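My notes follow the structure.

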Amino acid sequence: MKKKRSFVETAMRYRGIVFMLCCILVLFGVYGLSANRKNEFPEFTVRQGVVIAVYPGATVKEVEDRVTKPLEDYIFTYGDVKKNKTTSMTRDGMVIVQVALEDYVYDKDGFWSRFKHGVSQFKSSLPAGVLAIIVMDDFGDASSMLLAIESKNKTYRELGEYLDGLADNLRPLESVGRITRFGEQKDQISIYLDNDKLSQYGLGYKSVAAFLSGQGLVNIAGTLRDGEYNHPIYVESGVNTLESVRETIVFSAPDGSVVRLKDVARVEREYPDRTAYIEVNGNKCVMLSIEMKKGHDIVKMGKEIKQVLSEFESSLPEEVKMFRITDQTEVVGKSIDDFLREILVAVLAVIIVVVLLQPFKVALIAASTIPISIFISLGLFFGLGYEINGVTLAALMVSLGMIVDNSIVILDDYQERIYGSGTRWRAAEHSAVHFLKSIFSATLAISITFFPFLVTMNGMFSDFVTTFPWAVTIVLSISLLVAIFIVPYLQFAFLKPKTKKKSKYSFESVSNFIYERVLRTCFRFPKLTILVAVICVVLGAVMIISRPIKLMPIAERNQFSVEFYLPNGTSINQTSAVADSMKCILEKDPRVTYITTFKGMSSPRFHMTYAPQFAGENFAQFIVNTESAHATEEIIKEYSEKYVDHFANVFVRFKQLSFSDAASPIEIRISDGTDENRKVASEKVKNYLRGLPGVYLVRSSYGEPLSGIKVSLDENASKLGVNQFSVEAMLASRYNAGFPIATLWEGNRNVPVVLKGTHADSASFLNLENEQIATYGGLSNAPLRQIAKFSPVFNEGTRDRRNGLPTVTISAEVSPGVSANDLALKHFESLKKLTASEGVKLELGGEAASVIETLPGLLKGLVVAVAMMFFIMVWHFRKIRIAFTLFSLLSLSIFGTGVAMWITDMDFTITGVLGMVSLFGIMVRNGIIMIDYAEELKRKEHLSPKNAIYNSALRRMRPIFLTSAAASAGVLPMMVSGDGLWVPMAIIIFWGTLVTMCLILTVLPVAYWGVSCMKFRRRKVISD
């Protein structure tokens, strides 16, 4: 009967078809590399939005009671809202609520659509003075590029026109999404009414304002229907220029005399005093934020934008300059280029390792599987819709050293079989068939065990690792198929038996000699070997536990942020003076290239975890660009603590960009109790933190008191026909930025016409006392001091709430090298005891809260991954005892991980955990290779367990060493790259694989022998 042909032999016989298909897939991968979408990271679902309610004239306490609490109660009626992360900040006249959504919410657009509809109906239940409720559901979208146009002499209107032209050129690009403008200052026509002149003509403030408010409107006045055609009727506005505004008649007497606006007011076209603006290098600046549409290639978009910018910049006058403040397209492009370069170096490193440790032809065949597997994988990424980003490239690099593992094992077995009695053809086929189950189980153990993290982790971290398991699985699966279908024929065609005697001084001979003696020693002292292994595991666990926890590292960028926080009520002029002083200091540093200044406002979100601040006139921010990422780190270390107290009553915060979403490294949240209790407790916490070494810039969210003036109407007000509403309306119109009453249109540009008081921009208390108030319905005027009393008041500047409860947050920064998480956890109990007498509740925030929230899911994923490995081993060996032996020896990876972290002084990170899982998989693969051969020797050669595992260890030492060396070499470029995000994973794989390999080669044989002896003794007792 004819023997059935195996699928490996079928592939060898029809090699032409196999190689042709392989070439097609490789070429498709080359195309996919260039055509696939590229990004720095996978798309994150930012489950956050902002709700802003405006209630002018109300104090912080009034806003909290009348608006904040009802608004929070309404928001919490939605089940998708994450209450414990929803915060509100109540200010004078407004409240800002940051709404966080649950991690399971992926259709955030659907939620915000429903929410906006509900809020529009809810507004009617709030006080009539609440002007608007604004919902911003795009708060979490990050800018792909920030462009600035600056000039010293051009007006803001001229700069705005240049911005129009730039936006018009960028809008046709298919990849460009939302374009947002920042920093523009609109000119306006300001009308400064003169109370004395109004009195002379017997006119009132209200009557003039009411008359002017009807000017400048363009509406359909009616329709003339003549039976054949409908003719719209338009009334042309008589107010369309500055002069026409001045000539507007505001009163007409019966005798035909008229009073024009210029007779009772000063009318000027001007730019209002700036309360929020942007500067670059000290010059006026307007900015454009460009976001990419989802599903597009950010690198390609960057090239298209730069081409448009090059053409547009040539049309600008010499005195107008254009800058790219932040450019995510360039960051991603450089990151992708660096990764590809590291992959190329890694390929060369693996090839060198294989060539050094194997005959040249063997090494060449093994090395050829690397580019084949990589390009086919890249083609599948493209075909399956997986973009090329930092995560997929990291998965590719981690898998790089493992790609050759399957091929090395098959090649190693083939080199032994060709010296047997069979033909080379059969040897090539049997080497692949023989190891198919082993390498399949090993590949399965490495790839499938990353998937539990998709279930156990939530939020941003889940989005971060989503593509990693799939990418690893694709790469290792392709390498398995290449090893099974392509390597057998290549080894048959190019590898033939050689009679050349091996040198006793070759690397293989020397390593075998040393290993044999070490193995004999281990078998001679089995208990000591196991004891040493146990000590190593305990020591490794101690090393890991002692390391600081920092799940997400800093982002290495050539820019950083500086934030300035001044007391509530500080004017923009004072804020500007402080910011300008710091800017002069930074500009003297040669490492600083340029500084973008935001005064009275915050920058757009230019990094995925950098949340914009809700600023006022007491806030300023810099985006500082430096010559390199290293320069950024140096400046942060040098300046952050040096200038923290440089300005009186000013918090200056130097902030390096980070992948962590914690607002501050250390946060202590104080809730419950009374206002006074929380205030006292916050002072105690601040004083305690200030006494800790390495802690600086300790601050409280409990805003400084806001100084105000209380106006109390007396009996005379009622006698003169003056009520509270008329006084509030008068003061609001005269002591404010202005009251819009009309609009002029110049083409597509609108020019507001604003009614302002003469003391709107600058006034003293004396001006307020003497302010003329209309009495008797406007027939006469009286100074405000005659009908009211004045007294100073000090109200709270801000009130914060979290989860619907009043909360005070104490924040602090830490010096480089200090673990904020460890520090907070170490002193938290002491802080609770310190504030126990105040009856308040303390809660950890900052990095510690992020760790507490994320670490359990991370550890659960690790436990489930290890459990899955155990079941894979049970399925593979069909013997629970052997599976449990290898499973228990996975603990040796703890020592390898601990040594890796100790040697490099590494923190415990999320990517480090991924490295540990990779290390577990590598160890399982090595154990399977060794134990499978031992079982085969017991079954076919009838060797004792001791002799079987001893011979198996000597025979399998070479492939285990080769595969471990290749895995370490594959991540070496990543390890030396300095990328803070992926270096921890590379370090654990590199050092952990080498250390664990030594343990698996010495401890596993002894453990297998011991377990087999226990089984033999048990059988003997039963038979006796």
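The model is predicted: local features need pLDDT of at least 70, side-chain atom pairs count only at pLDDT 80 or more, and totals for chains, interfaces and linings use all residues. Residues are numbered from 1 along each chain as its sequence is written, and side-chain values use heavy atoms, without hydrogens or water.

From α10, I listed Ile298, Val299, Met301, Gly302 and Lys306 in the contact (heavy atoms within 4.5 Å); from α11, Gln328, Thr329, Glu330, Val332 and Gly333. I sorted these into four nonpolar, four polar and two charged residues (Ala, Val, Leu, Ile, Met, Phe, Trp, Tyr, Cys and Pro count as nonpolar, Asp, Glu, Lys and Arg as charged, and the others, Gly among them, as polar).

I noted that the axes of α10 (residues 298-313) and α11 (residues 328-357) come within 8 Å and cross at roughly 130°. Axes are lines fitted to C-alpha atoms, for helices over the stretch in contact, and angles run from 0 to 180 degrees between N-to-C directions. α10 and α11 are therefore oblique to each other (under 35 degrees is roughly parallel, over 145 roughly antiparallel, 65 to 115 roughly perpendicular, the rest oblique).

I then turned to α13 (residues 390-417) and α18 (residues 487-494), whose axes come within 10 Å and cross at roughly 40°. In this pair, α13 passes α18 in a right-handed crossing. I found Ser407, Ile410, Leu411 and Tyr414 of α13 meeting Val487, Gln491 and Phe492 of α18. That contact has five nonpolar, two polar and no charged residues.

Key:
Helix = DSSP H or I, 4+ residues; strand = E, 2+ residues; numbered from the N terminus. Left-handed = near helix turned anticlockwise from the far one by under 90°.
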